[in-house]
Structures are given as structure tokens and as C-alpha cells.
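Hi,

Here is the structure I promised to pass on.

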Amino acid sequence: MIQRIQTVYLFLSSFLSFFIYKYTFKLLENTIISKSHFFLISSIILFFIIFFYKKRGFQSLVCLLLIISNLVVFLFITYNLLNKMYIDLVYTIPFLIIIKQFFIFLARRSIIRDEKLIRSIDRLR
């Protein structure tokens, strides 16, 4: 579990999601994103998906769903920040979300690569 690179990617994206949650909780307190605690839930899901290392298909599916949901949240937050004219935060928060997206993408790509490797080894047996 620890030897796999996607574990590192998932842990980094979980940590980053928790950091975004703490950073934006007061700022976005009147929006639906803050009331639903999206970043906290995302952080918990990313942390617990690490322990499903034997279910690579499930891991890949959850990563794909998180990528899609993070894209929607990214667009919503960027639109919300631009309308309220928080110029200093317009660059910071979306940048952190993009980095989180990138880590989730790398984790999903590594999970798929592991799955292909396992299938090719099973074919050789």
C-alpha cells in the first residue's frame, strides 16, 4: 500500500483538500460549498480511498467522480470569487484546487497503470 505512488498522490490531494477547507471556510461561509463542507468530505474520501488498494477499479471510479465534482466546484468558486471581487483570493484558491485536481489525475493514471500491469501478468501465467 505505501509502496505505490498513487498512495502518495491521494494523500497529498487529501491534505490539500483539508487545507483548502480550513482556508476557505470563513471566506465562503454563505455559499452552498461551505454549507455542504465539500472540501472536508472530499478530504475524508481521498484519505479512506487509500485503504481500498486491492480494489483498483473502485479507486479509479472514485477518483474520476472526484475529478468531475472538483471541476464543478472549481467553476463555482471562481465565478463566486470574481463576482465578489476578492482579487487576492481569485488566484490562490483556484490554483490550489487545480493542484489538487492534478494530484487526483496522477493517482488515477497510476491506478490504471497498475491495473494494466496486473492484467498483463495474469495473462502470462
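Let me start with L10, which touches L46, I49, I50, Q59, C63 and A107, leaving out residues up to four places away in sequence (contact means heavy atoms within 4.5 Å). Before you read on: this is a predicted model, where local features need pLDDT of at least 70 and side-chain atom pairs count only at pLDDT 80 or more, while totals for chains, interfaces and linings use all residues. Residues are numbered from 1 along each chain as its sequence is written, and side-chain values use heavy atoms, with hydrogens and water left out.

L10 is also among the residues that touch the most other members of the largest nonpolar core, together with L46, C63, L66 and I104; this core has 13 residues. A nonpolar core here is a set of buried Ala, Val, Leu, Ile, Met, Phe, Trp, Tyr and Cys residues joined through side-chain atoms within 4.5 Å. Buried is under 20% relative accessible area, exposed over 50%, and partly exposed in between (1.4 Å probe, protein chains only). A second, separate core has 12 residues, including Y21, V73, F74 and I93.

Now for Q101, which sits in helix α5 (helices are DSSP runs of H or I, at least four residues, and strands are runs of E, at least two, numbered from the N terminus). Q101 counts as buried because its relative accessibility is 14%. Beyond its neighbours within four places in sequence, Q101 contacts L66, I67, N70 and L71.

F15, in helix α1, counts as exposed because its relative accessibility is 54%.

Cheers
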